[in-house]
Amino acid sequence: MSGRAARWCWTAWAVAAAAAAALTLTGATTPLRPVATWLFLALGPGWAFVGGARPAADPLTRVTVALGLSIAIDITVAQGMLLTDSWSPRTGLLAVLAVCAVGLALHARRALRLRRTRKLVGSLHAQLPQLPSPTVPAGQPSSPGITTANGERGTP
Amino acid sequence: MTEPAGTALRELEAARPTRPVRPPLPRPRRRPPGLRAAAMVLAVNLTGAGLYWLGLRSVDLRALDDSGLVTLLPAAALAGLALLACAFTVTLALRRERAGLLAWQLLVLVACLHAAVAVIEQVPRFQTAWVHAGFTDYILRTGATLPQEDARFSWPGFFAVSAFAAQAGGEGAVTQLLRWTPTLSNLAYLLPLLVIARAMTTHWRARWLAAWLFVLGNWVAQDYYSPQGLAFLLYLVIVAVALTWFRPPYPELAPARTSRDLLARAQALLRRASRPRLLRPLAALVPGPDPGLRRPPESTPSDRGLMLGVLLVVFLAITVSHQLTPFAVIAAVAVLVAADRVTLRGLPLLLVTLVAVWVSWMTVAYWSGNLGTMLGSLGSLATNLGDNLGDRIVGTRERQLVQYGRIAFTAAVLALAALGAVRRRRAGSADRTITLLALAPFILVALQSYGGEALFRVYFFALPFLALLAALAFFPTRAPRRSPAALAATLAVSLVLLPGFVMARYGNEVFERYTPGEIQAMHYVYDHVPTGSTVVTIAPSNLPGPSERVEDIRYVAVLEEGRKARLDLAGLRRRLADHQTDAGPAVLVLTRAQRFYVQANLGRPASWVADLEDQARDSAAFRVEYANPDAAVLTLAATPDTLPAAPAPQGGPR
């Protein structure tokens, strides 16, 4: 999935999550409510875990896993409410959002690690000036796909 | 010598000015090839869908009889279905894969086969779906379950999640769920199916054809609002995740550690080099990279850790939702491990442990209470649909025809799958994973007591893999030629299976659909009968419910299935009086669906129930509490020799 598509997906995710939370917690009665809530419950929680997963997962696989995992998380939350005698759709939705937060935290940790590794690579690069650094041949406009020293794009 | 050459050159120079005709040519060619074909396919597809919809809308559902919906379909609808098949076959014949176009056609197919029927029938169909709505309603109201009442409450995950979703979605959401679940389920099943197909085949034609055949083959009606329907999706997701992330390394890429690896690599090289047929038997001597299998994607240990977590959470959700599906998952995973197609060797044992813990601990409420009736209760699940599909063929001649038709349909899918397995092997693939996955569910027959329905559950669990094998019967090799024969066969099979699906799926439509009148009668019952009442019907499993108040109304059928229907007004009155207890009155509910159910299954004309209803209405022994053309609610008139009857209806129409 391209970076732009992924960004769009995450934006849609955030909007659906916010809409589902707002509409359900306030008890609004609009036809938008089932659409937003069900869309979020069906794909949101799983997407929070696998939406940014790096494996060579194409969009189809990623959506499939997100769907399965979301439903599984919803079932687990609902079943948990039954077992603990604390049935309430609001509690359930908050619990699902909490699970999403765990998924997002995993993502954040991974992104942080990635950035630290890149910085390390960048500093190593700076310490070894004798190595030929990837430079753009003179006279040619720099193409966006070329790796820069601090590893912003592409792979070293 | 140079002179003629010179003149030729000059002639060429002279010819140049006439060339400007050519430059415009390359530009249209730069458009993706086959765009015009794609547009034509789309047009044919939309025409087909439109024709089908117009034809279906003109169907008078009141004219339904025991032979089901297919005999009522007008020629326009059948022509529409044929156009859908043509458009799909042409898309398969295109030079390159047009994923969007293929996905669109699958969407249209599901919409035609499921959503269109849901729209023309004003009320959600299928009795068990309404019963499940009742369970959901109970959890929604009380936040608790009733494991003593029904075995299915010991696996409440599905009902809990739909109560949760319904409440989060607002008022009236359950009926909407009921109506759209078959459509949504079938679409959802296609996602993991395509992922599995991608892992197990190398060619796009086989993949998309498998999805198409799956939709066509899925007539067994387990995709309705039910734990089975949802658990099936999760089952497919587990297989898809296992095949995507946990396959052993592709021999060609793995570091050669053993002599076997080395041999395999040598064989791969041989294979690539051995276009000449002479060397091929040599290459087949050692297992190598399978031409029928796709290379697994690369992944890191942390990716696989995450995916293992996904597997376990999904399996946990299946375990708490459905009795049977966990065993289907275990069978599938065990087969994958045994065939060396999945590297997680301990997984089957882990899954067995999880199920054992749930069954022994969480369902103990049910076990301790009703161990004796447990088997009977499991058996009653069989009345969902398939009971009549099993080994015995019952009912009128038309109904028997439908049942034979279903068996023939199923046999055709199985035969295609067998052919596919053979052709795949002939094409050089030594992989038998799909065949094993298709066979694995048969273990379930021994495990559970679903009666005559067992075989159809097995068919359901096997269907994704049967469809995949069936597709490989048409496009078996790595890069199949667009052989006209294969495409013609695809079209022919689709043309047979499309009406076959409508025949098999909607064969019982006369008593599986409901009318608004029947739903209103049920609402009258929910709104008016006191707690502890018994609702009496003539024949079993044909009320749209109970979708409310599952805990305080009992349901009893006077005639058991398979018994000769012998009942008169006096007998009916006696049976009603028997069920009238101190706890509450007995209420007779007669519906349109019952008339046709009796006709189809119990060897009595539909008018028999209608006559009985007329007699009861005229009789002084009964009192009509509520009536509309499709349903009536009656109680025993209060006489000295009977117990106090139900309270007078408050404002209900008479």
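**Sheet, helices and aromatic rings in chain B**

In chain B, five strands form an open sheet with mixed pairing, in the order E2-E1-E3-E5-E4. The model described here is predicted. Strand E2 (553–557) and strand E4 (622–628) of chain B are the edge strands, each pairing on one side only. On average, neighbouring strands of this sheet are turned by 25° against each other, direction ignored.

Within the sheet, strand E1 (residues 533–537) and strand E3 (residues 586–591) of chain B pair in the parallel sense, over three bridges. Here B:Val535 stands opposite B:Val587 in E3(B).

Two helices of chain B lie across the strands. Helix H23 (residues 516–528) lies across E1, E2, E3, E4 and strand E5 (631–636) of chain B, and runs at about 130° to E4(B). Helix H24 (residues 569–579) of chain B likewise lies across E1, E2, E3, E4 and E5, running at about 135° to E3(B).

Elsewhere in chain B, a pair of helices is in contact. Two packed helices are described by the angle between their axes and the distance between the axes. For helix H8 (residues 173–200) and helix H20 (residues 454–474) of chain B, the axes come within 10 Å and cross at roughly 45°. H8(B) and H20(B) are therefore oblique to each other, and their crossing is right-handed. H8(B) contributes B:Tyr189, B:Leu193, B:Ile196, B:Ala197 and B:Met200 to the contact, while H20(B) contributes B:Phe460, B:Pro464, B:Phe465 and B:Leu468. The residues of this contact comprise nine nonpolar, no polar and no charged.

Aromatic rings complete the description. Over all chains, the structure holds 23 aromatic pairs. Ring pairs link B:Phe135, B:Tyr138, B:Phe153, B:Phe158, B:Phe159 and B:Tyr225 into a cluster.

Key
Residues are numbered from 1 along each chain as its sequence is written. Chains are lettered from A and ligands numbered from 1 in the order in which they are written. This is a predicted model: local features need pLDDT of at least 70, side-chain atom pairs count only at pLDDT 80 or more; totals for chains, interfaces and linings use all residues. Side-chain values use heavy atoms; hydrogens and water are left out. Axes are lines fitted to C-alpha atoms, for helices over the stretch in contact, and angles run from 0 to 180 degrees between N-to-C directions. Helices (H or I, at least four residues) and strands (E, at least two) are DSSP runs, numbered from the N terminus. Angles under 35 degrees count as roughly parallel, over 145 as roughly antiparallel, 65 to 115 as roughly perpendicular and the rest as oblique. A crossing is left-handed if the near helix is turned anticlockwise from the far one by less than a right angle, and right-handed if clockwise. Contact means heavy atoms within 4.5 Å. Ala, Val, Leu, Ile, Met, Phe, Trp, Tyr, Cys and Pro count as nonpolar, Asp, Glu, Lys and Arg as charged, and the others, Gly among them, as polar. Rings of Phe, Tyr and Trp (its six-membered ring) pair if their centres lie within 6.5 Å; planes under 30 degrees apart count as stacked, over 60 as edge-to-face and the rest as tilted. Two strands pair if DSSP finds at least two bridges between them.
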